[in-house]
Amino acid sequence: MANLYIGGFHPLGKVSSLAEAAQKMKTGDILTIEQDITELFKEKTAISFPAQSVIQGIMKNDKKPIIELASYHSAGLVLGENCLVANLHLIVPSCGVNGFNAKNLKKVTLSNVTTKYLTTDFEDLTIEENQAFSPDIYVENVGELTLENCDFHHPYIDAKMVNFENDNNLGDIGYPQSTLNAAISTSQANFLQLQNISLKVTGNFPVLTASNLIFQKGSQAEIERFQPLAGAALVRQALAPNGNYYDKKHKTDGNYCILANFGELKISELLAPATYTLATDQVGEDLPVLLKKEFLFKNSGQLTISGENTVTYGFMSEISQGSQTYFKNYSDVNRWAYFDGGNFELQGESTVKVVAKNQAGQWLPYQDWLTEKAEEKRQSSAIYQLENMTGLAQAKEQMMLYIASARANQRRKALGQKVSSASLHMIFAGNAGTGKTTVARLVAQILYENGVIAENKLTEVSAKDLVAGYIGQTATKTHEVIEKALGGILFIDEAYQLATKDDTGSNAAFKEEAINQLIADMENNRDKLIVIIAGYSAEIKDFLQSNQGLSSRFTNWIDFEDYSAEELIAIAEKQLLSESQVCDKEASETLAKVISDAKSQHLVDGNARYVRNLLQLITQSRDARIFKKASFSDAELNQIIREDVEAGAEKAQNNSNKMN
């Protein structure tokens, strides 16, 4: 074993560069660095150290020696089998060069190693610019990697076992999930073993991806985004008396991730699994097979989970055996189970689906558990109002698919993933009074709340609002309307009136001018505007056929069906309730019969609009009746009796006869 030195006073074994040291070193030799150095080497070359080498810096005034790599398109400093690197600060170019490089080895140890890129303004970089950075630490197909007191910017770590000791910071700046799984990738790891450490994975784009985390008691971790990797052989018993944390007797082929034996763990966002298999077998009502778990929190201290999980992946997560979990401002569309001494508490605005066992040990159907704040927020949310609108089953189903896709694409963009350009423009097709305008207002709020549009704004216009009285003015008028709608949704009611099918002369020219300007502005403002055209189905089809540019841009067709008699009755009951109007039993039965008869006789004109007009006539009849009395109580102001319903229905019939 020989000793070599860079810097300091050492007559024997002194070398001037890392390249010279690597050429002279043999297995087991030690290189000691006592000064800052800049290492120049040729393009597409590397400096390789032999097996069992020790490359160590000598600390002076708590400062590590600095190694600056001055090269491009290089593998950097290549480590041999069972090398140890300690007490060094590495500066690497922004792209094309790795710092330390370990590949196809059994074991490597990095202790008190920190890195820095020449470029420091990472916060201002776009995702595409960030992707150009090469990993400062590159580890591929390594059996066991040990990191102690390390601080890296963008490591790539692919190891069967990763041991973290003391404090490690893996990726302050983060990295796009689509490239190398962000701050740290353990796509080949059986488990991460963390013993008495404080782990932090935060930044712009960091994701910690692992099939199994084993936190020994006393450890703390703060993970901004955690993405489980399913399908690997996992560990059920994390602690063993002999100190071996991996007990082969308890291996299982289950599809879930174990987080066990930690002191305190905070996860800001749980992501959908990197790989998974949906559970298709069912137990009880809508309950996946319990062996298919996504997370198992066990024998743990305090776990705090925040954020939102909107991706359904078919598994159930489990809290058991002494674990205390706090859901803080957290919502999840997937199920959680607790038993065997596990406890959880909902805080802030949280919504979690919970399953539990009854006294017979049978699993019960899941229930939504909400905090009071979450329930208030849920009922005031636009998505709740949309879901609870009467009728419109087909339209709501189509809208939910549209909203889910828009939200998912927005999340993909936030994670730096490429998203194919999809049209968000819509067609609301159906008869009058089927809730098209109401749904449009709710959709605007939903898309705004999910960051799809910049403003909670619905600009409502009709065809005539786009057309001017003189040739050349229509384009300007249409453009001005669209400019006001930018950042939100432009809703064009009865848009089919812009069709030129039956028009001639200047009238046709005006409408054609409006359509051409609309298409041009839609194309020029694809990221700033969503357009909804509404009207009768047949007329909307004619409108789309009037210009090829329309049909190619409006690809989301939402059908608004007429309300059934039962749905019209429910709408009437909701309106009366919202206005604090009270019908006695006879009045309610009479009202239901009036609406049912009108529907069966095809006398309902305008769907919900018919109901609103009918109720207005009924309350007017009631007001006329009570004011004929010498006196009446305050309660009677809001009471409706059978005679009021009959009088109002008769007026509605008379009005209909006059119009026809």
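The protein chain has 14 helices and 36 strands, both taken as DSSP runs numbered from the N terminus (helices H or I, at least four residues; strands E, at least two). This is a predicted model, in which local features need pLDDT of at least 70, side-chain atom pairs count only at pLDDT 80 or more, and totals for chains, interfaces and linings use all residues. Residues are numbered from 1 along each chain as its sequence is written, and side-chain values use heavy atoms, with hydrogens and water left out.

Reader: What share of the 660 residues of the protein chain counts as buried?
Author: Buried means under 20% relative accessible area, exposed over 50%, and partly exposed in between (1.4 Å probe, protein chains only). Of the 660 residues, the share that counts as buried is 50%.

Reader: Is glutamine 517 buried or exposed?
Author: Glutamine 517 is found in helix α8, residues 505–524. Leaving aside neighbours within four places in sequence, glutamine 517 is in contact (heavy atoms within 4.5 Å) with Ala475, Thr478, His479 and Ile482. Its relative accessibility is 18%, so glutamine 517 counts as buried.

Reader: How is α13 oriented to α14?
Author: The axes of α13 (residues 608–626) and α14 (residues 642–659) come within 8 Å and cross at roughly 125 degrees. Axes are lines fitted to C-alpha atoms, for helices over the stretch in contact, with angles from 0 to 180 degrees between N-to-C directions. Angles under 35 degrees count as roughly parallel, over 145 as roughly antiparallel, 65 to 115 as roughly perpendicular and the rest as oblique. The angle therefore makes α13 to α14 oblique.

Reader: How many residues of the contact of α13 with α14 are nonpolar, polar and charged?
Author: The α13 side includes Leu614, Leu617 and Ile618, and the α14 side includes Asp644, Val645 and Lys651. Ala, Val, Leu, Ile, Met, Phe, Trp, Tyr, Cys and Pro count as nonpolar, Asp, Glu, Lys and Arg as charged, and the others, Gly among them, as polar. The residues divide into 7 nonpolar, 3 polar and 4 charged.

Reader: What is the phi of asparagine 149?
Author: Most residues other than glycine have a negative phi. Asparagine 149 lies in the loop between β11 (137–148) and β12 (151–152), and at 32% relative accessibility it counts as partly exposed. Although asparagine 149 is not a glycine, its phi is positive, at about 55 degrees.

Reader: Where is serine 580 found?
Author: Serine 580, a residue other than glycine, has a positive phi near 60 degrees. At 47% relative accessibility, serine 580 counts as partly exposed. Serine 580 is found in the loop between α11 (565–578) and β35 (582–583).
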